[in-house]
Amino acid sequence: MVDVLENKRAATRFRILVEIADRQPAVSQGEIAEAVGVTSQAVSEYIRDLVEEGFVEKEGRSRYRVTKEGVDWVFQSATDMRRFVDHVTDDILGSVQEDAAIADADIDVGETVSLSLSEGLLHAAPGDEGVATGVSTTSADSGEVVGVTGFEGVIDLEPGHVSVVQVPTVRTDPADSGADIAATCEDVPIVTAAGVEAVSALRDAGVEPTTYFAPGEVAADAASRGLDAVVVATQDTIGRVTDALTDASVSYDVAK
């Protein structure tokens, strides 16, 4: 177990060192006491011990700096805590995490199920033939929602692609691109619009957008779930769209 998690004194030393490092060189012991939740006298005693141990250097009245040794101790303690947190979230909680899926057939509670993605939604089918499996936490009839935990394996998924179509703003001459937009959107499950002009261009092309809220983020999420998407964006909104797609590491192309 990490010292700062099992030992209250070590935890307080850690927090005081962090507060000193954040405020140095002018250090108010009263502010540190308020932040840490101890008395000013206790902070003074901790700082005196830290100075004696070489973790903190006193430069004058109310002026302190964390030494290299103190930084090394804080860094090592933080690294140990990070490893412990990773162990809790990945090894312990990860195995008991529950998610919802669509049952592809009747499923009993406690049954091993194979997991897949279809139309961007998690599906569960009885049996362990799939590359990703879990255990049902509820029973469900075919088509109903079933709880799943104990995930193992990785779902085989081909990421979707996003096509970004650029349209003029209201301040520029309109272009007759309705036919191109209609062709681009044909058979694509997710179509989003960035800007009023983009919504109008889609409707002129006979296409109703899936949404015009957070279009880049929606398209990126769809692609991450294996769905292709189209984003129609005005010239002054296209940057925000492509930034969202880039941040999500989504494959996309931009057509004018």
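Analyst: Let us begin with one residue of this predicted model. Ser163 has a relative accessible area of 18%; because buried means under 20%, Ser163 counts as buried.

User: In which strand is Ser163 found, and with which residues is it in contact beyond its neighbours within four places in sequence?

Analyst: Ser163 belongs to strand S8, residues 161-167. Leaving aside neighbours within four places in sequence, Ser163 is in contact with Thr184, Ala229, Val230, Val231 and Asp253.

User: How many strands form the closed barrel, and in what order do they run?

Analyst: The closed barrel has 5 strands, in the order S3-S5-S4-S6-S7, and their pairing is mixed. From one strand to the next, the twist averages 55 degrees.

User: How is the packing of two helices described?

Analyst: Two quantities describe packed helices: the angle between their axes and the distance between the axes. Here, helix H8 (residues 215-224) packs with helix H9 (residues 238-247) at an angle of about 30 degrees, the axes being 8 Å apart. Because angles under 35 degrees count as roughly parallel, H8 is roughly parallel to H9. The crossing of H8 and H9 is right-handed.

User: Which residues make the contact between H8 and H9?

Analyst: H8 contributes Pro215, Gly216, Glu217, Ala219 and Ala220, while H9 contributes Val241, Ala244 and Leu245. By class, the contact of H8 with H9 comprises 6 nonpolar, 1 polar and 1 charged residues.

Definitions and conventions
Residues numbered from 1 in each chain as written. Predicted model: local features only at pLDDT ≥ 70, side-chain atom pairs only at ≥ 80, totals over all residues. Heavy atoms only, no water. Helix = DSSP H or I, 4+ residues; strand = E, 2+ residues; numbered from the N terminus. Buried < 20%, exposed > 50% of the residue type's maximum accessible area, 1.4 Å probe, protein only. Contact = heavy atoms within 4.5 Å. Pairing = 2+ DSSP bridges. Axes fitted to C-alpha atoms, helices over the stretch in contact; angles between N-to-C directions. Parallel < 35°, antiparallel > 145°, perpendicular 65-115°, else oblique. Left-handed = near helix turned anticlockwise from the far one by under 90°. Nonpolar A, V, L, I, M, F, W, Y, C, P; charged D, E, K, R; others polar.
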